[in-house]
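The sequence and the model are shown first.

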Amino acid sequence: MADYATKPLDGIRVADLTMMWAGPYAAKLLADYGADVVKIEAPKQWDNIRTLFPPDQITEQWFNSGAYFQEFSRNKRGLSLDLKQPRGKELLGRLIAQSDVVIENYRTEVMDSLGLTEEWLRAQRPDLVIVSMAGFGKTGPESLSMGYGPIIEQMSGLASLSGYGDGIPFKSGISYGDPIAGIAAAAAAVTGLIRRHRTGQGMTVDLSQREIVTSLIGEAFALWSMNQRLQPHLGNRHEWMAPHNAYPCRGEDQWVAISVANDAQWAGLVAAMDDPAWAADEASADQASRWAHRDDLDERIAAWTQARTKEDVFAACRAHDVPCGPVWNSTDLLADEQLNARGYYEPIKDPDHAAWMTHGWVWRWTNSGPCILAAAPNFGQHTREILTELLGVDESELPALAQAGIIADAPVDPPIVSVL
Amino acid sequence: MAGVRVIDLSQGISGPYAAKWLAGLGADVIKLEPPAGDVSRAAGPWPNAEPHPETSGLYLYLNTNKRSLTCNLDTSDGRAIAGQLCAAADIVIESNPAGYLDERGLGYDWLRQAKPAAVMVSVTPFGQTGPYAHLPSTEITLYALSGQMGVTGDPNREPLKNGGSQPSYQAGLHAFAATQTAYLGALRHGLGTHLDISAQETFASMLEYFASYTAQNGEEYRARMGNMVSAVWGIYPCLDGYAGMCILPRNYDRMAAATGIPELQQPPFNDPHQRLEHDDTLQAILYGWFAGKTRKQLHAAALEFGFPGGYVATVEDLVASDQNAHRDFLQHDDHPLAGPLDFPAHLWRAEHGWDRGRAPLLGQHNHEILVGELGYDPDDLARLRELDAI
C-alpha cells in the first residue's frame with residue numbers, strides 16, 4: 001500500500017550516460033525522487049566534471065571528492081564499463097533491458113558512433129524512454145554545434161537581454177543553459193514514463209538545450225513579433241517600478257536589491273529610512289514621478305544603504321513590507337534564515353572531507369524524509385554489485401574484465417587540471 | 001496527457017508556465033482567472049505599447065492551449081465552482097500566498113480528502129512555510145536572495161540582474177518537471193501529493209559549485225567574473241555584435257587551429273598548466289581575432305573545427321534562424337486582436353507532438369464549462385456575474 005513516504009520514481013531504473021552538468025543535473029533529480037540511477041563511466045571516458053574545480057587538496061580519492069561531482073551525483077550508483085569493447089557494450093545492453101530510461105547528453109553524433117543507436121537501444125528494451133539532450137538538438141543545420149551552458153545561454157537569446165545599459169550583453173554567473181536543460185530533460189523522461197504507463201509505448205526525446213532556455217524569454221518574442229522591437233538592457237532598473245536597483249552596503253562588495261512597486265511600499269521604504277526630509281519632495285509623490293526621478297532617488301537611497309550592512313537594510317525593509325533582498329554570496333546563502341528554517345540543506349559526506357551541507361529536496365513535497373540517502377558513488381563503486389546481482393556476470397569473470405580494462409575502480413589518467 | 005484534467009489557479013509567470021506545457025501535451029487545462037483577469041494581462045508587451053487585457057504578450061505566451069473561466073474565490077459561488085472543478089481534477093496548480101486556499105476551504109487538506117490521487121502544486125517565491133513565506137518580493141529581490149545575482153555581472157561594478165524574469169521562469173520549469181514526476185507517482189502508486197515549490201530554493205539549487213564548494217571547503221570560491229571567466233571562456237565583441245567561446249582543456253587545440261594564429265598553437269598557450277598565467281596576453285590576442293569576424297563567421301568556424309563557440313543571438317536572429325525553422329520550434333499565430341505572434345512552441349521533440357492553440361480571451365469558456373460541463377442553467381450565469389462570482 002502506497003503512503004506518502006513512497007517516492008514517485010521508486011522502482012524506476014535509469015541508465016545514465018550523461019557527463020558534465022546538464023545531464024547529471026537531470027539524472028540527479030530523477031535519483032532524488034526515487035529512481036535507481038546507474039551512472040555509467042568508462043575507465044578512459046570518465047565524467048569530466050570530476051576534474052573541473054577539484055577539491056582544495058589533491059588526495060588519493062580526489063576524483064571522487066569534488067564538490068561539483070558530489071552535488072550532481074548523490075543518490076546514484078556508479079558502474080564502470082568500457083562501451084567501446086564488445087563485452088562492455090553487451091553488458092550495457094543487459095542493463096538497458098532492465099532499465100526504464102536511458103538518458104544521454106553527448107553531442108548529436110556520439111551515440112551512433114558508439115553503436116548505441118535508437119534501434120539498438122530499442123532492441124534491448126522495446127518500451128524504453130530514450131532522452132537525448134544535445135545542445136542544439138538531434139536535427140537541423142546547427143545540430144553538430146558544441147554547446148556548454150554559456151554558449152547555450154548566448155545562442156538562446158537570454159544573454160542578449162542582460163546588460164547594464166551600455167550595449168554590452170552579459171552572461172549569467174553560472175552556466176545557465178545546463179541546469180535549465182537538465183530540469184526539462186528530467187521532465188521529458190517522466191513524461192515518457194507517463195506515456196508508457198498510459199499506452200504501453202516507449203518514447204524518444206530529442207531535446208535541444210538551447211530551445212529550453214529560449215522558452216524562458218517568451219515576452220521578448222512577443223515584443224519582437226508585435227512591434228519589431230528588441231527588449232532593451234535595463235540593468236537593475238525596471239520598466240515602470242522605481243526605485244528598483246542594487247544599492248551598495250557597508251563592507252567590501254556588499255549589496256542589497258530593493259524594489260518598490262506601489263505607493264504603500266514607497267511609504268514603507270520611507271519609514272524604513274526614518275522619514276528623511278527629501279522623501280516628502282514632489283519627486284517621489286507617485287509612481288510616475290519616482291520613475292522620472294529614479295537617478296536622484298537611487299543616489300539618496302544609496303547614501304542610506306551605504307552606512308548600513310545589507311542585513312540591517314534587509315531587516316528595516318522587512319519590518320515595513322518593502323521588497324528587498326540582500327545580494328547573498330555563497331557563505332550568506334548557506335546561512336539564509338528561510339532556507340535553514342525549511343530544512344533545505346542536508347549533510348553529505350565525501351571520502352576526503354567532514355560532512356558538509358548541500359541542498360536536499362528541490363521540489364518539497366508531502367514526504368518529509370531526507371533527500372540525500374547516499375553521497376556520490378566512488379568511481380565504479382557499484383560495478384561488482386550491478387554486474388553480479390543484476391546482469392548475471394559470474395564473480396569469477398571480474399578479474400578478466402578488469403584486466404581487459406572493461407571495468408575499473410579508478411579512472412584511467414584523469415589530468416589534475418582546474419580550468420580556471 | 002490527453003484526458004488529464006488540470007485546474008490552473010495560478011497567475012503571473014511560474015504557475016502559468018508550468019500549466020502551459022501540460023496544456024501543450026494535451027491536458028485539458030482550465031485556467032480560473034479572477035474577474036479582473038490574470039495579473040499578466042496587465043504586464044505587456046502590447047502592440048504599439050497600447051495596454052489592453054487581451055493583447056498582453058506575456059499572457060498570450062504563457063496561456064496557450066488553456067480554457068479560461070472567470071471565478072472569484074472571494075465569493076461563495078466562486079468557491080463552489082472551484083471546489084467542484086478541483087475535486088474532479090488530476091492536477092491543481094496554484095501560486096497564491098501561503099494559506100490563501102486553506103482559508104477558502106480549497107487547500108491540500110481539503111483536496112486530499114476530496115480526491116486522494118490528486119496532485120496539488122503550489123509555486124511561490126519562498127514556499128509555504130518559514131519566516132519569508134509572506135515576504136514581499138520581485139524578480140530582482142529573488143535573484144539576490146537565491147545567490148544568483150551575487151555571481152552575475154562585472155566584478156568592478158554592482159551585481160547585475162539578468163534579463164527578463166528568470167527567477168519566475170525557472171521556478172515554473174521546475175514546477176512543470178515536479179508536476180509530471182508527482183503525477184507519474186500518483187498513476188503508479190494511487191496517491192497524490194502536495195508540491196511546495198519555492199523559487200528561492202529552486203534557483204539556489206542551480207548555483208554550480210559556488211555554494212557546495214564553500215560548504216565543503218569553508219571558503220568563498222570566487223565572486224563575479226563578468227563575461228570573462230578566463231580568456232577562452234568568455235564573450236568578445238566582434239564585427240557585428242558579440243560572440244563567445246567556452247573552452248575546456250580538451251577543446252583548446254581545435255579552437256587554436258580555427259584561429260590560424262601560430263602563437264596559440266604553441267607553449268605557453270597550448271599547455272593547460274601554463275595557460276592561465278598568460279591569460280591577459282591570450283585575451284588580447286583573442287580580442288583581435290574576434291574583432292575581425294562576424295558572429296556567423298565565428299560560429300561557422302566553431303562548427304567546422306569542432307569547438308564550443310557561438311554568438312549572442314537576439315530574438316530577431318532566433319525568429320530568422322534556420323535551425324529553429326528546421327525543428328519547427330516557433331509557432332506563428334495571426335491573433336485577431338494582438339496581430340502576428342511568434343512564440344517558442346515546444347520543450348522537446350517526441351512522438352507525442354505539442355498542441356499549438358491560442359491563449360483564451362478572459363472568460364471565453366465560461367458558458368461552455370459552467371453550462372455545458374458543470375450543469376449550471378444558462379440563467380445562472382447572469383446571477384453569478386451580478387454577484388461578481390464569475
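The text below covers the interface, the sheets, and some local features.

This is a predicted model, in which local features need pLDDT of at least 70 and side-chain atom pairs count only at pLDDT 80 or more, while totals for chains, interfaces and linings use all residues. Residues are numbered from 1 along each chain as its sequence is written, chains are lettered from A and ligands numbered from 1 in the order in which they are written, and side-chain values use heavy atoms, with hydrogens and water left out.

**Interface**

Chain A contributes 151 residues to the contact and chain B 156 residues, where contact means heavy atoms within 4.5 Å. About 13,000 Å² is buried between the two chains, 63% of it on carbon and sulfur atoms; buried area is the accessible area (1.4 Å probe) that two parts lose on being put together, summed over both. Between chain A and chain B there are 6 salt bridges, each a side-chain nitrogen of Lys or Arg within 4 Å of a carboxyl oxygen of Asp or Glu. There are also 68 residue pairs in polar contact between chain A and chain B, both residues at pLDDT 80 or more. A polar contact is a pair of N or O atoms within 3.5 Å; within protein, one must be able to donate a hydrogen and the other to accept it, and residues adjacent in sequence count only if both atoms are side-chain atoms.

On the side of chain A that touches chain B, helix α9 (residues 177-199) of chain A supplies the largest share, 13 residues. Helices (H or I, at least four residues) and strands (E, at least two) are DSSP runs, numbered from the N terminus. That side of chain A divides into 79 nonpolar, 46 polar and 26 charged residues; Ala, Val, Leu, Ile, Met, Phe, Trp, Tyr, Cys and Pro count as nonpolar, Asp, Glu, Lys and Arg as charged, and the others, Gly among them, as polar.

**Salt bridges**

Over all chains, the whole structure holds 49 salt bridges. Two of the pairs are listed here.

| Pair | Closest N and O atoms |
|---|---|
| A:Arg342 and B:Asp196 | 3.0 Å |
| A:Glu397 and A:Arg87 | 2.6 Å |

A:Glu397 lies in the loop between α18 (383-390) and α19 (398-403) of chain A and A:Arg87 in helix α4 (residues 86-97) of chain A, so the pair ties together parts that are 310 residues apart in sequence.

**Sheets**

Chain B has an open antiparallel sheet of 4 strands in the order β7-β8-β9-β10; two strands pair if DSSP finds at least two bridges between them. β7 (228-230) and β10 (309-311) of chain B are at the edges, each with a single partner strand, so one side of each has no neighbour in the sheet. The twist from one strand to the next averages 35°. Axes are lines fitted to C-alpha atoms, for helices over the stretch in contact, and angles run from 0 to 180 degrees between N-to-C directions. Helix α12 (residues 279-291) of chain B packs on this sheet, touching β7, β8 and β9 of chain B, and its direction makes about 40° with that of β8(B).

Also in chain B, strands β11 (residues 330-335) and β12 (residues 339-344) run antiparallel and are joined by 6 bridges. β11(B) and β12(B) form a hairpin with 3 residues between them.

**Helix α17 of chain B**

B:Asp377 caps the N-terminal end of helix α17 (residues 378-386) of chain B, with a side-chain oxygen 2.9 Å from the backbone nitrogen of B:Asp379. Just after α17(B), B:Asp388 has a positive phi of about 60°.
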